[in-house]
Amino acid sequence: MAKVSGTASGKTGSAASGAAGAKVSTRVSGKTGSAASAGSAAAARSRTRKPSPSGARIGTTMSRERSLLICLAGYAAGAVAAAAACSLTAGWSPVWSAAVADLAATVVVFGFSVALDNSSMYDPYWSVAPAVIAPWWLARLGGFVGPTAARQAVVLALVLVWALRLTWNWVRRWHGLKDEDWRYADYRKLGPLYWPVSFLGFHLMPTVLVFVGCLSLVPALSPTSRTLNLLDLAGLVVTGGAILVETMADRQLWTFLATRKRGQILDAGLWALTRHPNYFGEVTFWWGLWLFAMAADPAHWWTLAGPAAITALFLGISVPMMDRRMLSRHPGYAAHMGRRSAFLPWIPRPAR
């Protein structure tokens, strides 16, 4: 589920636990990020402290540092599988070759999730995948060339900044293998069906969503696209602004969590304008990439399927899921919902 910025800002964010929970990072890509009292799942402490029995045994005997090393090993193994897939599909188009590699890496990471009994192994994938796909596509498409080099450089830089920020946000709040997102834990009651559901909903679905979102990068990184125009400026403003919104929302959330009182709900700063500012920032990021695609080649208008699907994920799953959780844990959240926009930043309504 797409968990941005904690996933889904949130893999989301990682955004992965928002789709299945972000992703998604947030993949989390993705390729791609909150505390219950903060009103969003994208930043911190949105996880259960009651993992499954086997996960608990692993977590209680392993430090956070060792857990991170194991997670890194899992992603390194995923990278090896992806490289092998790229080699086997070298004669294919860059898009299909990357799709097979993305699937191979997802399967490997899922294997680690099963072996360690913790689906949160996938959480960083939402933000990690685009950071690999973008430069690989750039290289396959011909690299930095001629008058389009400026666009290519800006788009690549924005993707990498977004990915690094979202991944770091996950790293600093993950407590190790004892820590599994509450969205995953809620499905443990499925028993033997849990892992098939985890693969399809918590691993594969976010991977597909992030990959479809990344399709905007193909025309944006192509050296044969149109020269710079006003749509590039719009893409820069929207994408850069989205990263700034996610960053500010996460910082405000971390500050709040450090000083909050029992039962308090974050309703200041960006959180006064929307209940889920990091979700808004994450979705806006993908629309910004689509604007770059339109600037490069309007014939690729169909790539709007990516940001549209990610928008549907957050509005249809992530926002309602987090609101339900907040309502169940904080009696005052109903009044908070009545005053503040669920997604789009807007002036708070007067208290009744």
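Biologist: Which helix does Ile 133 lie in?
Modeller: Ile 133 sits in helix α5. Keep in mind that this is a predicted model.

Biologist: Is Ile 133 buried or exposed?
Modeller: Buried. The cut-off is under 20% relative accessible area, and Ile 133 comes in at 8%, so it counts as buried.

Biologist: What does Ile 133 touch, not counting residues up to four places away in sequence?
Modeller: Asp 102 and Phe 211.

Biologist: And how many residues apart in sequence are Ile 133 and Leu 215?
Modeller: They are 82 residues apart in sequence. In space, their C-alpha atoms are 9.9 Å apart.

Biologist: Let's move to Trp 137. What is it in contact with, leaving aside neighbours within four places in sequence?
Modeller: Its contacts are Pro 94, Val 95, Ala 98, Phe 211, Cys 214, Leu 215, Leu 217, Val 218 and Leu 221.

Biologist: Now the largest nonpolar core. Which residues touch the most other members?
Modeller: Trp 126, Trp 137, Trp 162, Leu 217, Phe 285 and Trp 286. That core has 67 residues.

Biologist: Which helix gives the most to this core?
Modeller: Helix α6, residues 149–173, with eight residues. Another core lies apart from it, with five residues, including Tyr 184, Tyr 194, Trp 195 and Phe 202.

Biologist: Change of topic. How many salt bridges does the structure hold?
Modeller: Six. One of them pairs Asp 181 with Arg 183, with the closest N and O atoms 2.8 Å apart. Both Asp 181 and Arg 183 are buried.

Biologist: What about Asp 323 and Arg 275: which parts does the pair tie together?
Modeller: Their side chains form a salt bridge at 2.7 Å, N to O. Asp 323 is in helix α12 (residues 305–329), while Arg 275 is in the loop between α10 (230–259) and α11, so the bridge ties together parts 48 residues apart in sequence.

Biologist: Are those two buried or exposed?
Modeller: Asp 323 is buried, with a relative accessible area of 6%. Arg 275 is also at 6% relative accessibility, so it counts as buried.

Biologist: Which residues do shared partners join into one network?
Modeller: Asp 117, Glu 180 and Arg 188. Arg 188 and Glu 180 are both buried.

Biologist: Last topic, confidence. What pLDDT does the chain average?
Modeller: It averages 85, and 83% of the residues score at least 70.

Biologist: Which elements have the lowest and the highest mean pLDDT?
Modeller: Strand β1 (residues 47–48) has the lowest, at 40. Helix α11 (residues 277–296) has the highest, at 98.

Biologist: Where does pLDDT stay under 50?
Modeller: Over residues 1–57. The model has 439 contacts beyond four places in sequence for that stretch. Where pLDDT is low, the predicted coordinates should not be read in detail.

Definitions and conventions
Residues are numbered from 1 along each chain as its sequence is written. This is a predicted model: local features need pLDDT of at least 70, side-chain atom pairs count only at pLDDT 80 or more; totals for chains, interfaces and linings use all residues. Side-chain values use heavy atoms; hydrogens and water are left out. A nonpolar core is a set of buried Ala, Val, Leu, Ile, Met, Phe, Trp, Tyr and Cys residues joined through side-chain atoms within 4.5 Å. Buried means under 20% relative accessible area, exposed over 50%, partly exposed in between (1.4 Å probe, protein chains only). Helices (H or I, at least four residues) and strands (E, at least two) are DSSP runs, numbered from the N terminus. Contact means heavy atoms within 4.5 Å. pLDDT is the predictor's confidence in each residue, from 0 to 100. A salt bridge is a side-chain nitrogen of Lys or Arg within 4 Å of a carboxyl oxygen of Asp or Glu.
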